[in-house]
Amino acid sequence: MPPPRTREKALRHRLAELRGPEVQAKALDARALAALAANPGCRRRAILDGAGVNKAVLADALGSPSVFGQSQFAFVRGNAFEAKVKADGGTELLRLAHEKLDRAAEPPAGARVPDLAAQGPQGRTARTELALREATESPGVWTLLDHPMLALDVAGSPAFLEPDAVVVHPDGSWTVVEIKSFPMLDGAADPAKVGAAARQAAVYVLALEQVATRFESAPRVRHRILLVCPKDFSNLPTASAVDVRKQRAVTSRQLDRLTRIEEIADTLPEGTCFSPELPAEQLAEAVESVPAAYAPECLSACELAFHCRDRSRAEDMVTRLGRPVRAELGGLTTIGDVLAAARGEAGDPGDPAVAALRRAAALRAEALATAAPEVAPCP
């Protein structure tokens, strides 16, 4: 067996071939990781994300453009709000952290904001870890890490993540900070948006926990993150403590279930490439060479969802009806199989799914027969 460094180099070369030598890799961020963890059985998304393929560009090339993307106005507004929150050395941000998470500690005064600049993601990751170590070993002081870089192992490949901020408390514990531009109205924000932020923050919590394990005395990574948003209809920041223990547990479990990227790559035909520069027919063939696990939930999480939905419809797959329905149908994988089983034309009568379908079909037929009113002919 080749040494780990040789295997890692070979994997990077293989992923570059899949992406296309002329295509720059797209970094795997926390939002993409959270979506990947929500559907760990999708080998297609796993290999495309692992290879750094830009799925939005790929979807355009396949003729099924995605509807993802943030407007330029929202992007500028979000950056302006984040700058306001972090102004004056993060004074307001640390005040909110003290108020919402750590009132027993001394109020932040003269907090440290270390310089995290370094060359490349590996250099920034190492600099972040050093800053965390220095802050943890200097108790009694608040420290704000602005846009640190964290690494998280995903299916045997490192993903580099950049949270908005990490706060080191005077007791040495760490808190993830998420800054969002959606408002908190009367102290509450849109539950769907808060849930998405919590899932994203849970990925950062997992990455921080990996860093903490390398310390001689592992510091505590808090499972209540600080969510900072505009207050009501103003541009003034307010915050809420959000418990992400559930999201962290689910994300950790799902990421552990991901098939290792090199295993998926090894199953692909020689010469497979996902470069958007390829002819549409050849590109579609390459994409279809990797099995997907489409479900309606993908429409809100994956740029390739429309392409996968069209394929699922063309192949009459039951997956397009949703995961709960798919789970109830057992070995029946197409709509045709389901209808044939319900009519008694196919399927094992001893299969609970087949028996339930036939019972449901019989009840439906009985109800229609007894409830159909006599229709008098029109005069």
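# A walk through the strands, spaces and cysteines

Strand β4 (residues 165-168) pairs with strand β5 (residues 174-179) in the antiparallel sense, over 4 bridges. Here strands (E, at least two residues) and helices (H or I, at least four) are DSSP runs, numbered from the N terminus. Two strands pair if DSSP finds at least two bridges between them. Valine 168 stands opposite tryptophan 174 in β5.

A word on the model comes next. It is predicted: local features need pLDDT of at least 70, side-chain atom pairs count only at pLDDT 80 or more, and totals for chains, interfaces and linings use all residues. Residues are numbered from 1 along each chain as its sequence is written, and side-chain values use heavy atoms, with hydrogens and water left out.

Now widen the view to the sheet. Strands of a sheet pair through backbone hydrogen bonds, either parallel or antiparallel. In this open sheet, 5 strands run in the order β1-β4-β5-β6-β7, and the pairing is mixed. At the edges stand β1 (143-146) and β7 (237-243). Each has a single partner strand, so one side of each is left without a neighbour in the sheet. On average, neighbouring strands of this sheet are turned by 25° against each other, direction ignored. For such angles, axes are lines fitted to C-alpha atoms, for helices over the stretch in contact, and the angles run from 0 to 180 degrees between N-to-C directions.

Turn to another pair of strands. β2 and β3 pair in the antiparallel sense over 5 bridges. They form a hairpin with 2 residues between them. Alanine 155 lies in the turn and has a positive phi of about 55°. Aspartate 153 stands opposite proline 158 in β3. Strand β2 (residues 150-154) has two faces: Leu150, Leu152 and Val154 are on the covered one, Ala151 and Asp153 on the uncovered one.

Where else does a positive phi turn up? Most residues other than glycine have a negative phi. Aspartate 88 has a phi near 55°, a positive value. Its place is in helix α6. Aspartate 88 counts as exposed, at 71% relative accessibility. The scale is simple: buried means under 20% relative accessible area, exposed over 50%, and partly exposed in between (1.4 Å probe, protein chains only). Aspartate 186 also has a positive phi, of about 55°, although it is not a glycine. This aspartate 186 sits in the loop between β5 and α8 (191-212). Aspartate 186 is exposed, with a relative accessible area of 77%.

Another exposed residue is glutamate 106, with a relative accessible area of 62%. Glutamate 106 is found in the loop between α6 (87-101) and α7.

Next, look for empty space. Rolling a probe the size of a water molecule over the atoms shows where such space is left. The search uses a 1 Å grid over the protein atoms alone. A cavity is a set of points where a 1.4 Å probe fits but cannot get out; a pocket is an open set with protein on both sides within 12 Å along at least five of seven lines; lining residues have an atom within 4 Å of a point. Grid points are joined across faces, edges and corners, and a volume is the space filled by probe spheres set on the points.

The second largest pocket has a volume of about 920 Å³. It is lined by 31 residues, and the closest to its centre are Arg12, Leu15, Gly50, Ser157 and Pro158. Helix α1 gives the most to this lining, with 10 residues. The lining divides into 16 nonpolar, 5 polar and 10 charged residues. Ala, Val, Leu, Ile, Met, Phe, Trp, Tyr, Cys and Pro count as nonpolar, Asp, Glu, Lys and Arg as charged, and the others, Gly among them, as polar.

How many cavities of 30 Å³ or more are there? The search of the whole structure finds 1. About 50 Å³ of space lies in the largest cavity. Its lining includes Leu28, Asp49, Gly50, Val154 and Ala155. The largest share, 3 residues, comes from α3.

Finally, the cysteines. The whole structure holds 0 disulfides. A disulfide is a pair of cysteine sulfur atoms within 2.5 Å. Cysteine 42 counts as buried, at 9% relative accessibility. For cysteine 273, the closest cysteine sulfur is again in cysteine 308, 18 Å away and too far for a bond. Cysteine 273 is buried, with a relative accessible area of 15%.
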